[in-house]
Amino acid sequence: MALRSVDYQDIQGLVRFGYGSLTDSCFLLLNIRDKLAARKWLSQAPVSNAARLEHGPEYALQVAFTAKGLRAMGVPQMVLAGFSNEFLSGLSGNESRSRRLGDINANSPVNWRWGAPGNVPDMVLLLYSAAGKLDAWRQQIRGPVWEAAFVEIECLPTSNLFGVEPFGFKDGISQPET
């Protein structure tokens with residue numbers, strides 16, 4: 001079997017680059033208010049891809065859907081059936097799984113601010129920017145149909161770890177390319 005070439009424009013850039021140089025970021029938890037407006041926003045969204053750039057980006061946008069979000073967007077059941085049971089049930093959708101993951105007692109999903117059954121976002125937007133540019137980037141990505149498309153549940157802030165992750169790893173070193 002011959003290897004097919006990879007079309008990096010069809011892959012989100014986070015997979016290839018890690019964005020370690022984009023030290024400001026936040027993650028927007030969203031529910032879909034109107035699927036047609038959401039589709040319109042997504043069709044125009046400047047989602048960052050994995051194509052090699054001459055110069056590193058100053059901004060990056062990545063999109064992640066939950067199974068609930070794909071359903072809200074009208075993805076057909078036969079397409080959803082191709083996803084793993086773990087994705088379809090969600091992180092907190094199975095008591096046995098929660099136990100195996102240690103999500104019990106104080107860590108139980110019933111104590112989570114979001115992600116528990118009945119409180120799962122439809123999607124997450126991951127926003128990355130160069131230092132000092134995140135607020136402007138966050139406003140820029142919204143666009144004219146944002147309010148019709150989405151309900152913002154929460155904005156999860158991040159902090160600059162200055163190249164070191166909590167477990168002592170150098171940020172981005174595991175990326176296949178930088």
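Among the contacts (heavy atoms within 4.5 Å) in the protein chain that link residues at least 6 apart in sequence, 76% join residues at least 24 apart. The model is a predicted one, in which local features need pLDDT of at least 70 and side-chain atom pairs count only at pLDDT 80 or more, while totals for chains, interfaces and linings use all residues. Residues are numbered from 1 along each chain as its sequence is written, and side-chain values use heavy atoms, with hydrogens and water left out.

Colour the protein chain by secondary structure to find 8 helices and 4 strands, which are DSSP runs numbered from the N terminus (helices: H or I, at least four residues; strands: E, at least two). Along the sequence their order is α-β-α-β-α-α-α-α-β-α-α-β. Of the 178 residues, 33% count as buried, meaning under 20% relative accessible area, with exposed meaning over 50% and partly exposed in between (1.4 Å probe, protein chains only).

Next, select helix H2, residues 35–44, and show its buried residues Ala-37, Ala-38 and Trp-41. They lie on the same side of H2 because they cover an arc of only 100° around the axis, the arc being that of the directions from the helix axis to the C-beta atoms. On the face turned away from this buried side, look for the exposed residues Leu-36 and Ser-43.

Finally, go to the start of H2, where a side-chain oxygen of Asp-34 reaches to within 3.1 Å of the backbone nitrogen of Leu-36.

Notes: Polar contact = N/O pair within 3.5 Å; in protein donor to acceptor, adjacent residues only side chain to side chain.
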